[in-house]
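Thanks for coming, everyone. Have a look at it first.

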Amino acid sequence: MNELEKQVRKVFEGYKAAVFAKDVEAFLSHYTEDIHIFDLWEKWSYEGIQAWRGMVADWFGSLGDEKVVVDFDDVQITGSDDVAVAHAYITYKALSVDGQELRSMNNRLTLALKRTKDGWKIFHQHSSAPIDGDTLKVMFKRA
């Protein structure tokens, strides 16, 4: 693993830890102020950290006592000294207070990152899931 991959993987690990802790500020610390998000849920896009902050705060607040474990699979990273692109399959697992899995879902995730004075930050994020051609329903489980 080269230095670029190590640094970008730190962003993935920080993402996981912040989601599990439901720590809005830690989560947002991985994004630039001018972030542009194409999210899978409800809106076509979120532009700027304040718009993203509202979505993240609502998401974490909606969890109540539940925790969410995030896993990344098949992470691919490429880039240069200043810009990187990463993509992966991401799994979100909601756990009850006693650690029982309540539900889970898979997404596809692409991140565009740039090196800043504070380290690597996400400036664009795109999450998606395929649509079943017969039912037109989103497929939240990876085959």
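Start at K10, which sits in helix α1. Before anything else, a caution: this is a predicted model. Is K10 buried or exposed? Its relative accessibility is 53%, and exposed means over 50%, so K10 counts as exposed. The C-alpha atoms of K10 and L102 are separated by 28 Å. Along the chain, the two are 92 residues apart.

Next, the overall picture. The chain has 3 helices and 6 strands. Reading from the N terminus, the order is α-α-β-β-α-β-β-β-β. The radius of gyration is 15 Å, and the globule rule gives 15 Å for 143 residues, so the chain is as compact as a globular protein of that length. The C-alpha trace spans about 40 × 35 × 30 Å along its principal axes.

How much of the chain is buried? The figure is 38% of the 143 residues. The accessible surface comes to about 8,400 Å². Carbon and sulfur atoms account for 52% of that surface. Contacts next. Take those between residues at least 6 apart in sequence: 52% of them join residues at least 24 apart.

On to charge. There are 18 positive side chains and 23 negative ones. The centres of the two sets lie 2 Å apart. How many salt bridges does a search of the whole structure find? It finds 6. I'll take you through some of them.

Go back to helix α1, which covers residues 3-21. Here E13 and K16 form a salt bridge through their side chains, with N to O at 4.0 Å. Why can these two meet? They are 3 residues apart in the helix, so about one helical turn separates them. Both are partly exposed: E13 has a relative accessible area of 47%, and K16 has 23%.

The next pair is E25 and R53. Their side chains meet in a salt bridge at 2.4 Å, N to O. E25 is in helix α2, residues 24-28, and R53 is in helix α3, residues 49-62, so this pair ties together parts that are 28 residues apart in sequence. E25 is partly exposed at 47% relative accessibility. R53 is partly exposed too, at 25%.

Now the strands. K93 makes a salt bridge with D71, and the closest N and O atoms are 3.7 Å apart. K93 belongs to strand β4, residues 83-95, while D71 belongs to strand β3, residues 67-79, so the bridge ties together parts 22 residues apart in sequence. K93 is partly exposed, with a relative accessible area of 27%. D71 counts as partly exposed at 30%.

Let's turn to a histidine. H30 lies in the loop between α2 and β1, the latter being residues 31-38. Is H30 buried or exposed? Its relative accessible area is 15%, and buried means under 20%, so H30 is buried. Which residues does H30 touch, leaving aside those up to four places away in sequence? The list is V11, G14, Y15, K121 and I122.

Last topic: backbone angles. Most residues other than glycine have a negative phi. Two residues here are worth a look on that score.

One is E42. Its phi is near 65 degrees, a positive value in a residue other than glycine. Where is E42 found? It is in the loop between β1 and β2, with β2 at residues 46-47. E42 counts as exposed, at 81% relative accessibility.

The other is L136. Its phi is near 60 degrees, again positive in a residue other than glycine. L136 lies in the segment after β6, which is residues 119-128. L136 is exposed, with a relative accessible area of 66%.

To recap. We have a predicted model with 3 helices and 6 strands. Its salt bridges include E13 with K16, E25 with R53 and K93 with D71. H30 is buried in its loop. E42 and L136 carry positive phi values. That's my tour. Over to you for discussion.

Key:
Residues numbered from 1 in each chain as written. Predicted model: local features only at pLDDT ≥ 70, side-chain atom pairs only at ≥ 80, totals over all residues. Heavy atoms only, no water. Helix = DSSP H or I, 4+ residues; strand = E, 2+ residues; numbered from the N terminus. Rg over C-alpha atoms; globule rule 2.2 N^0.38 Å. Buried < 20%, exposed > 50% of the residue type's maximum accessible area, 1.4 Å probe, protein only. Contact = heavy atoms within 4.5 Å. Areas by Shrake-Rupley, 256 points an atom, 1.4 Å probe, with all protein chains shown as cover. Lys, Arg positive; Asp, Glu negative; His and termini not counted. Charge placed at Lys NZ, Arg CZ, Asp CG, Glu CD.
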